[in-house]
Amino acid sequence: MLFNSYSFILFFLCVVLLFFSLPSRFRNILLLAASYYFYMQWKPEYGLLLAFSTIISYYTAILISKKKFEERKKYIVACIFINLSILFFFKYFNFFNDNFRSVFSYFQLSYPIPNILKIILPVGISFYTFETISYLLDIYYERREPEKKIITYAVYISFFPKLLAGPIEKSTNLLVQLNTVPEFNYERIVEGLRRMLWGFFKKIVIADRLSLMIDPVYSLPSNYSGVYTLITCYLFAFQIYCDFSGYTDIAIGASKILGYDIVENFNFPFISKNVGEFWRRWHLSLSNWLKDYLFTPIIFKRKGWKNYALVYATFITFLLCGLWHGAKWTFVTFGLLQGIVISYELMTKSIRKKWASEISTKLYNNISLVLTFHFIVFSFIFFRADNMHNAFEIINRLIHFNFNSHILSEFNKFGMFSLGIVFLTISFMHFVERKYQPSLVGFNNNIKINYIFNCITLTLLIILGYFHPQIFIYFNF
Amino acid sequence: MLRLIKYVIVLAGISFLISYSLFVFLNIGLRSQKNDTFPVINELVNNNENIQVLFIGSSLAQNNINPIVFDSVTKSTSYNFGYPGAKIEHSQMIIKRYLNSNHPPPQKILIMLEPYVLDTTLEINFPVQYYPFYKDTIIYNFVSKYDPDIKFIKKFPFLGVTKYNDYLKYLGVSGVLFPNRLTSKLLKGFEPLDKNSWKENNELPKNRTKELLISKRKLDPEIKRLEEICKLCSQKNIQLYFILPPTYKGKREKNYNPDNFINDLKLIVEKYNIHLFDNSDIDLCQKKELFFDYHHLNKKGADIYTRILANLIN
């Protein structure tokens, strides 16, 4: 069940009506049933996987909370190992197996392990595995008490608005709220509706329209001129932003209507002045997870290495960040590129500060912003390309920047019309988010503007939407 | 709760009103469009001129017969209502719709036939082109069988615009704003094909619905429709012609079991006293330079063939 489908709207409407009609003690049961129903629409058997992961982490958490600190390690290691093994099996087994086979065949050795045929990645597995791990680590480090009610914990892991593509929730936020009773609140519901509408606008009007232009180029880059390829590379940055932040808006809006606040995931990522800052503005819940549970522990462990510990931790973190997105060399390259540039930024921090003081700070910031944006656009080539061959083919097109007769057919009148719509809608999105914040909280105090804005968004959605439901890009991760 | 319901109703009401207005606006533009087959459907619905000879069928009609050449030979008025991928039911709809107009019925109807037109598994080609005409009952009844989206449009016209992609929106807007700039590739419904597009590797389509015509049972509904057309034309005193158009070197798609098809046609022809012209292997079929591909003539080929056909009919 896609967020951008009529069946989801009907499903959500039923859940909301039932949620506020039921006595508070039944609400979490309803949310759990709704979440599993929602999840099992994809592939029913993967609901069992989610349930297994939930049950095992729930009981492990209770177990380790009863043990002394020194005795906890083996339980938490075992539980994390099981969760990561499931993730590894479904997401990475074939990738590593293929690569091992290639290495063996290079040395002309036989390799006996066959690939597992047709593994379908359980949607959202990377997200809920990370949530499970963060919960276990929080219990391990005694940052919180284990949740007593299994229903509440199961809702925390499977809460349908954020189950498929995040935000990755920490137990200290959502789980705490799930133990409270949300009241029916008009202002809150209107705020949630507005946020959902905005998410649909970004996904259906901008991202899905852009995918019509971008997908053909990434499937057969050799068919397109350098100019067109360059434009699609820029446009992809907006597609992925609108796709993922659109999903997040819908998730946050849906949660808000039900009375819960889940974390924000974006904060104007494309105005970042360096790549490190970009990751503090892009997919915040993943960045924070990696910072809290990977980067900081590595730094702490390697504190004797001084500056090199930073570089080492950055590399490991971004390598895993790349791999988290998918089992492909393109994602590994994407992660490594981030790692290299952020390491450079860390190592040259003082020199760059000196440069900034020598020239105008405004000029320096603007140059940094442009460079950062272009680096992100470049690294997204690896993020989007289906394989390394296509990624290099696209880069090759960009290097041999040709402007041939093809360009005329690529930019026909109709294409220009679509591009015009894209330009106008992106400008509208930028204006709204800059003026009223990505979370649109700026609308809360003005009823008239709120009405007008919602009317405009809904009308634009109907008029300009591309109503052929397309999967959210982050569902693949 | 009431406050929330009021809020949603006001919001949706305003948006739906604007969206409906835009849908009406786009439909006006699309109905006057000259691109694709919009002018053909427009001619069918509005009947701007009194037509004496109708050409009906799939792209074999649309690309193979030039009404302007035909008119110059026969001194009559003709129009090509060929539609890419059209099947018998489509042809039936066109005849019904045309006869539903205020004009006197045509004198002659020529249906281009090939085994493929009996294939009912394929959908209508680009059904969205019919959406601006969704209020027309005959068109609606036909399209709704194949494309349920038109039912959605009829029920919720304020959401009709959601079914149009950017291309149709562009056509709709340009149709209203720049009506004088619209030009059509079509010549009275005839779409000339590029003479240089023959590809050496062009082969007959393979594996296309192999089982279809082999199963006689599945064939029956379409043959029945053909018979219905015959009855209708006979009631209205319209002379009906079945034409098997030229194919390069007389090759037909074997998958469609052409022998069965021709046998069925012959039975109908005898029963209803209809003219059948099998032009699938006439002299011009040997000339590669007249073909666009195995089944479609290029502009030059279409002009020559139309002249041959006009003389046959005369």
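Between domain 1 of chain A and domain 3 of chain A the count is 1 salt bridge, a salt bridge being a side-chain nitrogen of Lys or Arg within 4 Å of a carboxyl oxygen of Asp or Glu. This is a predicted model, in which local features need pLDDT of at least 70 and side-chain atom pairs count only at pLDDT 80 or more, while totals for chains, interfaces and linings use all residues. Residues are numbered from 1 along each chain as its sequence is written, chains are lettered from A and ligands numbered from 1 in the order in which they are written, and side-chain values use heavy atoms, with hydrogens and water left out.

**Chain A as a whole**

- The secondary structure of chain A comes to 20 helices and 0 strands, where helices (H or I, at least four residues) and strands (E, at least two) are DSSP runs numbered from the N terminus.
- The radius of gyration of chain A, taken over C-alpha atoms, is 23 Å, close to the 23 Å that the globule rule gives for 477 residues, so chain A is as compact as a globular protein of that length; the globule rule is 2.2 Å times the number of residues to the power 0.38.
- Taken along the principal axes, the C-alpha atoms of chain A fill a box of roughly 70 × 65 × 55 Å.
- The domain assignment of chain A gives domain 1 (23-178), domain 2 (186-266 + 412-476) and domain 3 (270-398), with bounds that come from an automatic or database domain assignment.

**Domain 1 against domain 3 in chain A**

- The C-alpha centres of domain 1 of chain A and domain 3 of chain A lie 27 Å apart, and 16 residues of domain 1 are in contact with 14 residues of domain 3, contact meaning heavy atoms within 4.5 Å.
- These two domains of chain A bury about 1400 Å² between them, 69% of it on carbon and sulfur atoms; buried area is the accessible area (1.4 Å probe) that two parts lose on being put together, summed over both.
- Of the area that domain 1 of chain A buries against domain 3 of chain A, Phe95(A), Phe130(A) and Ile168(A) supply 39%, more than any other three residues.
- A salt bridge joins the side chains of Lys170(A) and Asp292(A), at 2.3 Å from N to O.
- On the side of domain 1 of chain A that touches domain 3 of chain A, the elements giving two or more residues are α4 (69-106) and α5 (125-140) of chain A, and the largest share, 7 residues, comes from α5(A).

**Chain B against chain A**

- The contact takes 25 residues from chain B and 25 residues from chain A, and the area buried between the two chains is about 2300 Å², of which carbon and sulfur atoms give 72%.
- In chain B, Tyr7(B), Asp166(B) and Tyr170(B) lose the most area to chain A, together 29% of what that side buries.
- Across this interface of chain B and chain A the rule finds 2 salt bridges, and the side chains of Arg3(B) and Glu187(A) meet in a salt bridge at 3.5 Å, N to O.
- Both α1 (2-31) and α8 (166-177) of chain B supply at least two residues each of the side that touches chain A, where the largest share, 14 residues, comes from α1(B).

**Salt bridges elsewhere**

- The structure holds 28 salt bridges over all chains, including the one in which the side chains of Lys162(A) and Glu131(A) meet at 2.6 Å, N to O.
- That pair links distant parts of the chain, with Lys162(A) in helix α7 (residues 160-163) of chain A and Glu131(A) in helix α5 of chain A, 31 residues apart.
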